[in-house]
Amino acid sequence: MRFNRMLLSTTLVVVALVIQVSVLARLHLPGAVPDLLLLTVLGLALVYGHVGGALIGFGAGLLADLAPPADHAAGRYALVLCVIGYLAGLAKPDNGQLRSATGPMAVVVAAAIGSTLLYAGVGALVGDTAARHVGLSSLLFTAALYDLLLAPFVVPGIMALARRAENDPLAEAGGGGGSGKKPDVTAGWLSSGTGLSIGSQRGGLRVKAAKARVARAGRIKGVKRL
C-alpha cells in the first residue's frame with residue numbers, strides 16, 4: 001500500500017476507534033452498538049479492494065482488541081474485520097463508480113450480520129458465551145439496523161476521501177493522457193442518498209464554461225473585423 005493510503009487509513013481508523021469507544025459505546029442502546037469502525041473498514045475496502053480491505057480490517061480490529069475497555073481475547077476482532085474487509089473489497093466496482101446506493105447498503109447489512117455471527121462464533125470457540133445471554137437474534141437485528149442508519153453519514157465520506165487520496169497529482173501525472181479521470185466511486189451513492197445530482201452539476205458547469213469561451217471568441221472576432 002502506498003504511503004498516502006496508509007496515512008489516510010490509519011488516521012480514519014484511529015478517529016473511528018476513539019469515537020466508537022468514547023461516544024457510541026456509552027449510548028447504552030438496546031442490543032448491539034453502532035459499529036463505526038466496521039463502517040470505516042467497509043468504506044476503505046470498497047475503494048482499495050480486497051487486499052487493502054483485509055490489511056486495514058486486520059489493523060483496525062487489532063487496535064480495537066488492544067484498546068481499553070476491551071474484555072475479549074486479543075486478535076478476535078482483528079480476525080473478524082480482516083475477513084469482512086476482504087469480502088467487502090471483492091464488491092469494489094471495476095469502473096470505480098457506484099450508480100446507486102443499493103449495492104453499498106447491501107454490503108453494510110451483510111457485513112453487520114456477518115461480523116456479528118463471526119464474532120459470536122469465534123467467541124464460542126474460546127469459551128465466550130456472552131452472545132447467548134444477550135440473544136443472538138436481537139444482536140443481529142440491532143447491529144444491522146444501527147449500522148444501516150449510520151452508514152449514509154459515514155461510508156460515502158470515507159470513500160470520497162479515499163478516492164481523493166488515490167487521485168493525487170503524482171498518480172495522475174504518471175497515468176498519462178488516457179481517457180481522463182476515473183469517475184468518482186461515491187457519485188452514485190451521494191446523488192441517490194442526498195438528492196444532489198452531482199454529475200449533472202459538473203456537466204452544467206462545463207456547459208457554462210464552454211458557452212463563456214464561445215462568447216469571448218465571438219467578441220474577439222467582432223473586434224478584429226472592425
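Buried here means under 20% relative accessible area. At 0% relative accessibility, G53 therefore counts as buried. The model behind these views is predicted.

**View 1. G53 sits in helix α2.**
The relative accessibility of G53 is 0%. Beyond residues up to four places away in sequence, G53 touches V41, A45, L81, G85 and Y86. L90 lies 37 residues from G53 in sequence. In space, the C-alpha atoms of G53 and L90 are 9.0 Å apart.

**View 2. The whole chain is built from 9 helices and 0 strands.**
Along the sequence the pattern reads α-α-α-α-α-α-α-α-α. The protein chain has 226 residues, and 38% of them count as buried. Among contacts with a separation of 6 or more, 75% join residues 24 or more positions apart. The accessible surface comes to about 13,000 Å². Carbon and sulfur atoms hold 67% of that surface.

**View 3. Helix α1 covers residues 3-22.**
α1 has 20 residues and reaches 28 Å from its first C-alpha to its last. That is close to the 28 Å expected at 1.5 Å a residue. Its buried residues are R5, L8, S9, L12, V13, A16, L17 and Q20. Seen down the axis of α1, these buried residues fall within an arc of 155°, so they line one face of the helix. They pack against α2 (36-66) and α6 (136-166). F3 and V18, on the other side of α1, are exposed.

**View 4. H28 is in the loop between α1 and α2.**
Most residues other than glycine have a negative phi. H28 is exposed, with a relative accessible area of 72%.

**View 5. The largest nonpolar core holds 38 residues.**
Within this core, L37 and L42 touch the most other members. Helices α1, α2, α3 (76-89), α4 (102-125) and α6 each supply at least two residues. Which helix gives the most to this core? α2 does, with 14 residues.

**View 6. L37 is in contact with residues that include V13, A60 and Y77.**
Neighbours within four places in sequence are left aside here. On that basis L37 also contacts A16, L17, Q20, A64 and L81.

**View 7. T40 is in helix α2.**
Is T40 buried or exposed? T40 is buried, with a relative accessible area of 1%. Neighbours within four places in sequence aside, T40 is in contact with L12, V13, A16 and I158.

**View 8. Helix α6 has a kink of about 60° at A151.**
The kink lies shortly before the proline P152.

How values were computed: Residues are numbered from 1 along each chain as its sequence is written. This is a predicted model: local features need pLDDT of at least 70, side-chain atom pairs count only at pLDDT 80 or more; totals for chains, interfaces and linings use all residues. Side-chain values use heavy atoms; hydrogens and water are left out. Helices (H or I, at least four residues) and strands (E, at least two) are DSSP runs, numbered from the N terminus. The expected span of a helix is 1.5 Å times one less than its number of residues. Buried means under 20% relative accessible area, exposed over 50%, partly exposed in between (1.4 Å probe, protein chains only). The arc is that of the directions from the helix axis to the C-beta atoms. Contact means heavy atoms within 4.5 Å. Accessible areas come from the Shrake-Rupley method with a 1.4 Å probe; for residues, only the protein chains shown count as cover. A nonpolar core is a set of buried Ala, Val, Leu, Ile, Met, Phe, Trp, Tyr and Cys residues joined through side-chain atoms within 4.5 Å. The bend at a residue is the angle between axes fitted to the seven residues ending there and the seven starting there.
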